[in-house]
Amino acid sequence: MGRQSSNFNPEQENLFRRTDSEEEALSNPAVSEPPHPRQEAGDLRCPLRDVPNGRRVRVVSLPRGESGARLEALGIRPGKIVTKLSGMPFSGPVALELDGRQIAVGHGVSRAILVEEAPEP
């Protein structure tokens, strides 16, 4: 019998631990949800998958390699304004509107696309 490989990555363990500020926010009944760590630092960039549906955002950076090249071929480039139409549950695709077209990108790729809030038109 062959050896079974594990998909567990030890670095992922830290994703499930709460920071001190999250613990404080959860213990305070006046605060409904903990602040996003990037927002605390004054950096308003976040992964596309974390953007609420219907929000307009500006693309800041793309993943490197083949995924980034495919996104650029679709017209998704740094500086472009996109609207997140929907994100499917359970790691499903993320639907975007770009220049009047609807595009779906995979959940993993949407994690690697960094965006920031876009000004209203």
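Modeller: A search of the whole structure finds 4 salt bridges, a salt bridge being a side-chain nitrogen of Lys or Arg within 4 Å of a carboxyl oxygen of Asp or Glu. Side chains of opposite charge can pair when their charged atoms come close. The model is predicted, so local features need pLDDT of at least 70 and side-chain atom pairs count only at pLDDT 80 or more, while totals for chains, interfaces and linings use all residues. Residues are numbered from 1 along each chain as its sequence is written, and side-chain values use heavy atoms, with hydrogens and water left out.

One of the pairs is Lys80 with Asp99, whose closest N and O atoms are 2.9 Å apart. Lys80 lies in the loop between H3 and strand E3 (81-87), and Asp99 in the loop between E4 and E5, so this pair ties together parts that are 19 residues apart in sequence. Helices (H or I, at least four residues) and strands (E, at least two) are DSSP runs, numbered from the N terminus. Lys80 is partly exposed, with a relative accessible area of 28%, whereas Asp99 is exposed, at 54%. Here buried means under 20% relative accessible area, exposed over 50%, and partly exposed in between, with a 1.4 Å probe and protein chains only.

Asp99 also belongs to the hairpin of E4 and E5, which has 2 residues between the strands, and Asp99 takes a positive phi near 55° there. E4 and E5 pair in the antiparallel sense over 5 bridges; two strands pair if DSSP finds at least two bridges between them. Within this pairing, Glu97 has Gln102 in E5 as its bridge partner.

Another salt bridge joins Glu66 and Arg70, with the closest N and O atoms 2.5 Å apart. Both lie in helix H3 (residues 66-73); because they are 4 residues apart, about one helical turn separates them. Glu66 and Arg70 are each exposed.

Arg49 and Asp50 form a salt bridge as well, and their closest N and O atoms are 3.2 Å apart. Arg49 is partly exposed, with a relative accessible area of 32%, and Asp50 is also partly exposed, at 38%.

As for the setting of these pairs, the protein has 4 helices and 6 strands. Of its 121 residues, 23% count as buried.
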